[in-house]
Each structure stands twice: as C-alpha cells, then as structure tokens.
Amino acid sequence: LVSNHPQLAGGSHLPDITVITPVFYKGEIIFFVASRGHHADIGGIAPGSMPPHSKTLEDEGAMIVAFKLVKDGVFQEEGITEILNSPGKLPGNFGTRNLRDNLSD
C-alpha cells in the first residue's frame with residue numbers, strides 16, 4: 001500500500017510518501033514494514049513541497065489515502081501515475097513535474 005494523506009492516512013505532509021509492504025514466510029504474511037520518503041515534487045500549485053500561498057490541501061499536490069501499489073505481483077504503474085498527475089485536473093494546479101523520479105523512488 002502507498003499513502004501520504006496527513007488527515008486520513010497518518011502522513012506528515014503530502015511529499016512524504018509511505019509504502020507499506022507485507023513480508024511473507026511460507027506463503028503467509030508474518031509482518032509489515034513501512035518506508036517513508038520525501039519527494040521533491042508531487043504536483044500542486046507550485047514546484048516543491050508545501051507552497052506558502054496554498055489555501056487547501058489540494059494545492060499542495062497529489063493526495064493518497066491508500067493505493068495498492070502491487071496487485072498479484074504486478075506494479076500498478078498506470079494507477080499510481082493517474083494519482084500523481086491528478087492535481088493537474090484542478091484549476092491552477094499541476095500534476096507531478098517529474099513522474100519518472102517519483103516512480104523510481
């Protein structure tokens with residue numbers, strides 16, 4: 001799972017994206033690990049994180065409550081790309097400005 005939403009998913013702020021990964025042993029999940037990384041840009045009204053003139057959370061970039069990043073062993077690149085580009089659908093906002101870096105991270 002991947003998430004970053006500070007109000008609904010325990011994130012610190014939108015550029016800090018958390019990936020929660022199950023660890024398997026003999027075919028069963030025995031625990032989960034979490035990794036959080038800061039991303040230089042995930043869309044919004046200005047490049048970078050937390051623009052000072054933001055008025056809403058949507059102005060700060062892509063919001064992810066929970067998204068299954070890998071399904072049946074397949075990376076869901078189309079789905080996460082749609083999420084990272086979604087701020088660009090709002091007036092005055094942009095999707096992520098460096099999708100390739102976001103995906104490789």
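The text below covers strands, pairing and nonpolar contacts.

The model is predicted: local features need pLDDT of at least 70, side-chain atom pairs count only at pLDDT 80 or more, and totals for chains, interfaces and linings use all residues. Residues are numbered from 1 along each chain as its sequence is written, and side-chain values use heavy atoms, with hydrogens and water left out.

**Sheet**

Three strands form an open sheet in the order β1-β2-β3, with antiparallel pairing. Strands (E, at least two residues) and helices (H or I, at least four) are DSSP runs numbered from the N terminus; two strands pair if DSSP finds at least two bridges between them. The edge strands, β1 (2-3) and β3, each pair on one side only.

| Pair | Bridges | Bridge partners, one example |
|---|---|---|
| β1 and β2, antiparallel | two bridges | Val2 and Val19 |
| β2 (residues 16-25) and β3 (residues 28-38), antiparallel | ten bridges | Pro22 and Phe32 |

A hairpin is formed by β2 and β3, with two residues between them. Lys26, in the turn, has a positive phi of about 55°.

**Core**

Twelve residues make up the largest nonpolar core, among them Val2, Ile17, Ile42, Ala62 and Leu84. Such a core is a set of buried Ala, Val, Leu, Ile, Met, Phe, Trp, Tyr and Cys residues joined through side-chain atoms within 4.5 Å; buried means under 20% relative accessible area, with a 1.4 Å probe and protein chains only. Helix α1 (residues 77-85) supplies the largest share of this core, three residues.

Leu84 touches Ile42 and Ala62, and also Gly95, Thr96, Leu99, Asn102 and Leu103, not counting residues up to four places away in sequence. Contact here means heavy atoms within 4.5 Å.

Methods. Buried means under 20% relative accessible area, exposed over 50%, partly exposed in between (1.4 Å probe, protein chains only).
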